[in-house]
Amino acid sequence: MPKINLLPKNVSELIAAGEVVERPASVIKELVENSIDAGATVITVEINRGGITYIRVTDNGCGIAFEDVPTAFLRHATSKITKGTDLDAIGTLGFRGEALAAVSSVARVEMLTSTADSQFGAHYKIEGGEEVLYEESGCPQGTTIIIRDIFYNTPARMKFLKKDISEANACAAVIDRIALSHPEIAFKFIRDGKQTLSTTGDKSVKGVVYSVLGREFSSSLIEVESANLGVTVNGLTCKPVSCRPTRNNQFTFLNGRLVRSGTVVAAVEQAYKNSAMVGKFPGFVLYINVPFEMVDVNVHPAKTEVRFSDEKLVFDSVYSAIKNAINKGDTRPEIKVSTPVFNPFQSVTTAQYKQAVIKEKTIAEEVYSKNVSLHNTLRDEATPDFINKYSVVLPDGSESKPIEHKAVEKCVDILPEKEEISVDIICEDREPIVVIGQVFDTYIVAQMGESVYMIDKHAAHERILFNSLKKNSEISVQPLLTPLTVSLSAEEYDALICNLTLLENSGFEVEDFGNSTVLVRAIPSFLTSEDVSSVISEIAENIFKTGLVSTTREDDLFHTIACKAAIKAGSKTSLIEMQELTEKVLYSKEIMYCPHGRPVAFEIKKRELEKQFGRIQ
Ligand code: ADP
Ligand code: MG
């Protein structure tokens, strides 16, 4: 039988290090989190060669007292918890006391640190777990830590590192996320001598989102602000028209820490239901705060997947925060006619032309490299479970995996019983509307105030009908003089018969007539008797295909009815009808998207036209 040995300290240290220190990006995450825990308001990170040869993190935090410095590098040395029960209410990012020990066992580490009340600071060096320098030194309050030659003593690990550029991109993505999570801290990131990120630390979420995620994303955001039974939800979420085919821009910060939570994603996406197109996902940066004891952060070793003791409360709070934000803050998409790069009436020199082309190319390259960087980190971090939840767009535009909705589906049992359609949000300043006419027999053109609107008449009417079906008290029922029979296939008939109440709630009166036939006695008054047979068969087919009765089932049913009953694109519509429709759309903030998420109307501002025609600058 093999003899059991206790591993020497340096060997067990190395094994432990493997869990915390995987690559330069994971080291940076630990070091920056230490700076944040130390109360720093300015943090600068500098790397060379992807962080493999050099990482420096400088902060203006509380510093470490001279005599405590060597202890900080011991395993399980932490100033953040002292007893087991503290684990139930962790308010700091670190608490395991492992990072400094782990990093110093696989790299050359140098630290300069000083506290506010001491005369002098400490200059400390530790290489491969061995102290090589410990002396007094004059330095400003705060801590500077330098990590050189990561894995210099573990060549096997070194081999797993990727090219410098991939490692550097991973570091950048880590800092991006940390910067997003702390708008109150000024971050700088310097990569091979070049500053690539700078946030102001002025607490503005908009500002930090702009610095990190760029102009395009920032230009289409709605503010979120809500508090519900101890759960506060703040931040920014995108307008429904700006939803994208991937979930790349979804950031949830829980009590200051970036987390993944199927519950939060499901709640946000549920709030976009019927406003965003199917297969498109909202981008958001949400700061959620809940009492510490409500969260279990210890579930996953990387501390990113969270569970809540009351998932339903979190779901409901996020759902209503987002829903309210969309209702309040969404505006109609605006048509901006793109300004021509060159004025055709003004000749340009070849040099000017070249200059302009180079500029456009640089912008395109920057956007590309940003995408590659995000992609790489996502891929590198991707556990199989993560891949299941999030699809990743590869730089070539393809998707790494089809989007699966496991995380989101898991939460179906806590979905609200019924989607709330809020009371009509009527615009207070009702200005007169002038309908100019329609183009292509499809789009109504109308003027209100300082804007011209183009309205998709089918989409608008469909949404209006859908909403009134949802508030079913508003449906008026029209009895048919002669009841109509509709014949169905055996399966469709069975499916429909089991769901007659659903039909009743939508303004139908349908009876089982036997022999795969139903008898329709009454219909919602906005349908005509010609529509009846096709609507009933479509509903029956849908119920049969998708089975199960649920909230979604009811929505699908309403979609079908609304779509059938709505004015068709390409049909003639009278001026009176157009006027009525336009008023409904423009006077209510609820009629923004058709039930499939297509926008109902676009706005062209007078100013925009004036700019285009060169009347104003
Ligand atoms: P943990 O963060 O889990 O406590 P670490 O190994 O990361 O463990 O750090 C050990 C201790 O060193 C911390 O608890 C803290 O007291 C101290 N420390 C580390 N980095 C800093 C810093 N930048 N500023 C002040 N104190 C620090
Ligand atoms: Mg730490």
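Q: In which sense do β7 and β8 pair, and over how many bridges?

A: Strands are DSSP runs of E with at least two residues, helices are runs of H or I with at least four, and both are numbered from the N terminus. Two strands pair if DSSP finds at least two bridges between them. Here β7 and β8 pair in the antiparallel sense, over four bridges. F189 has L197 in β8 as its bridge partner. The two strands form a hairpin with two residues between them, and D192 in the turn has a positive phi of about 45°.

Q: What kind of model is this, and what does that require of the reader?

A: This is a predicted model, in which local features need pLDDT of at least 70 and side-chain atom pairs count only at pLDDT 80 or more, while totals for chains, interfaces and linings use all residues. Residues are numbered from 1 along each chain as its sequence is written, chains are lettered from A and ligands numbered from 1 in the order in which they are written, and side-chain values use heavy atoms, with hydrogens and water left out.

Q: In what order do the strands of the open sheet stand?

A: The open sheet has eight strands in the order β5-β4-β3-β6-β2-β1-β7-β8, with mixed pairing. At the edges stand β5 (130–137) and β8 (194–198), each with a single partner strand, so one side of each has no neighbour in the sheet. From one strand to the next, the twist averages 10°.

Q: How do β4 and its partners pair?

A: Strand β3 (residues 108–114) pairs with strand β4 (residues 121–127) in the antiparallel sense over six bridges, and T113 stands opposite A122 in β4. On the other pairing, β4 and β5 are also antiparallel, over seven bridges; G121 has S137 in β5 as its bridge partner. The hairpin of β4 and β5 has two residues between the strands, and G128 takes a positive phi near 55° there.

Q: Which helices lie on these strands, and at what angles?

A: An axis is a line fitted to C-alpha atoms, for helices over the stretch in contact, and angles run from 0 to 180 degrees between N-to-C directions. Contact means heavy atoms within 4.5 Å. Helix α4 (residues 99–106) lies across β3, β4 and β6 (142–148), at about 135° to β3. Helix α6 (residues 164–181) packs on the sheet and touches β1 (42–48), β7 (186–191) and β8, its direction making about 175° with that of β7.

Q: Are R49 and F440 buried, partly exposed or exposed?

A: Buried means under 20% relative accessible area, exposed over 50%, and partly exposed in between (1.4 Å probe, protein chains only). R49 has 42% relative accessibility, so this residue counts as partly exposed. F440 is exposed because its relative accessible area is 70%.

Q: How many disulfides does the structure hold?

A: A disulfide is a pair of cysteine sulfur atoms within 2.5 Å. The structure holds zero disulfides. For C594, the nearest cysteine sulfur is that of C563, 8.5 Å away. C594 is buried, at 0% relative accessibility, whereas C62 is partly exposed, at 43%.
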